[in-house]
Amino acid sequence: MITEEKKGNSVFEQIAELGHEQVVFCHDESTGLKAIIGVHNTILGPAIGGTRMWVYEDESQALKDVLRLSRGMTFKNAVAGLNAGGGKAVIIGDARKHKSEALLRAFGNFIENLNGKYITAEDVGMTSRDMEYIHMQTKYVSGLPDYLGGLGDPSPFTAYGTYMGMKAAAKVAYGSDSLAGKKVAVQGVGAVGKILIDYLKKEKCIIYASDFYEDRLKEVTKQFNIEGVRLDEIYDIDVDIYSPCALGATINDNSLDRLKCDIIAGCANNQLEDEVKHGDKCVEKGVIYAPDFVVNSGGVINVYAEYIGKDVNWTTAYTEMIYDKSLSILEAAHSQKKNSQVVAMEVAMDRINSIRGIHY
Ligand code: NAD
């Protein structure tokens, strides 16, 4: 479990605590590439998960992020029913300033060296064009543009799945999955947040949004005619649903004291700073928390579909199943007053453990 209580701080202690199989530190002098690839678990299949490019406070934050994200992919892929394990990568740097063809291709070489144990795709700060550069060095990349035979950016499927999960949470909270008239605070209007807003707007929700990039927020609030709020204000608005669609750990002691919502459902990975404490606190507060790795699996479903040669119709139908998966987990958690994150992790581990037995 990810809790605030740390067992140790050395790299190997951190890896052992979360149970990773392999962690690769990548350095390329000519391009300045600094990246970390986390392969968490490959019992169900090759580790599949995107690459994030972000400016971290320091390298330990990058390591923490990749370890948490890759572990989350293990649970996500397991609950989604994919024959894929969990992995993720981070590139340390500002995607708006430091990304280049050479840097991405140097990164592609490191993925190639893993020989198919890890398959990458887009995450925060990356686009399908970037995947094209990585693809010049390795075939172990998905989320490619359609002109390269790929299924393109996974974000629309992540948004659709998150919308399905939000509706399932509404069914548990309100007895109806209609979101009409509900007030929703969307934190982060990037690739996924923006498309989610489109679905919510079409269902006549009242939407408030924030984003770290002012220009992006301005563009999205204008496009959808919704209200933009300051970064920190997002936790204080009186809404029905809080939808974290930016970075992780935004559900913590501070935000939970301030949030006034019935439901938390968004696409961001690793939303709970402490899976036990903050998941439990949601139960105490009577907030339905839709586990991030259950509702945001649309993107990896798309990435997986490309990898096994399925089309958009398959991906759409499979993504729609997030509604039923979310509903069954949330109903079970709600009826037993249990932490929904823990219930979802149990579902994931049950599948992994059952398949572990049939391996030779
Ligand atoms: P993105 O980079 O396109 O958008 C993220 C947005 O969040 C950016 O506009 C950024 O400025 C904003 N942001 C960062 N910190 C913020 C803060 N404190 N407050 C408000 N806004 C902030 O990324 P994305 O692809 O839309 O992904 C969003 C989240 O969903 C991430 O956590 C990602 O890991 C997760 N996710 C994405 C996908 C996918 O298919 N893209 C799949 C699964 C999970």
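A residue is called buried when its relative accessible area is under 20%, exposed when that area is over 50%, and partly exposed in between. Arg96, with a relative accessible area of 48%, is therefore partly exposed. The model is predicted, and it holds 19 salt bridges.

**Ligand surroundings**
- The ligand is surrounded by 26 residues, the closest of which are Arg52, Thr158, Asp211, Arg216 and Ala246, and by class this shell has twelve nonpolar, nine polar and five charged residues.
- Strand S4 (51–54), helix H5 (155–174) and helix H6 (191–202) each supply at least two residues of the shell, which draws at least three residues from each of domain 1 (12–69 + 86–148) and domain 2 (155–350).
- A polar side-chain atom of Thr158 lies 2.6 Å from an oxygen atom of the ligand, while a backbone N or O atom of Val192 lies 2.9 Å from an oxygen atom of the ligand.
- On its own the ligand has 830 Å² of accessible area, of which the protein covers 90%.

**Salt bridges**
- Asp123 and Arg52 form a salt bridge with their closest N and O atoms 2.7 Å apart; Asp123 lies in the loop between strand S6 (118–119) and helix H4 (128–135) and Arg52 in strand S4, so the pair ties together parts that are 71 residues apart in sequence.
- Both Asp123 and Arg52 are buried, and a network of salt bridges links Arg52, Asp65, Lys88 and Asp123.
- Asp215 forms a salt bridge with Arg96, the closest N and O atoms being 3.8 Å apart, and Asp215 is partly exposed, with a relative accessible area of 46%.

Notes:
Residues are numbered from 1 along each chain as its sequence is written. This is a predicted model: local features need pLDDT of at least 70, side-chain atom pairs count only at pLDDT 80 or more; totals for chains, interfaces and linings use all residues. Side-chain values use heavy atoms; hydrogens and water are left out. A residue is near a molecule or strand if one of its heavy atoms lies within 4 Å of it. A polar contact is a pair of N or O atoms within 3.5 Å; within protein, one must be able to donate a hydrogen and the other to accept it, and residues adjacent in sequence count only if both atoms are side-chain atoms. Accessible areas come from the Shrake-Rupley method with a 1.4 Å probe; for residues, only the protein chains shown count as cover. Helices (H or I, at least four residues) and strands (E, at least two) are DSSP runs, numbered from the N terminus. Ala, Val, Leu, Ile, Met, Phe, Trp, Tyr, Cys and Pro count as nonpolar, Asp, Glu, Lys and Arg as charged, and the others, Gly among them, as polar. Domain bounds come from an automatic or database domain assignment. A salt bridge is a side-chain nitrogen of Lys or Arg within 4 Å of a carboxyl oxygen of Asp or Glu. Buried means under 20% relative accessible area, exposed over 50%, partly exposed in between (1.4 Å probe, protein chains only).
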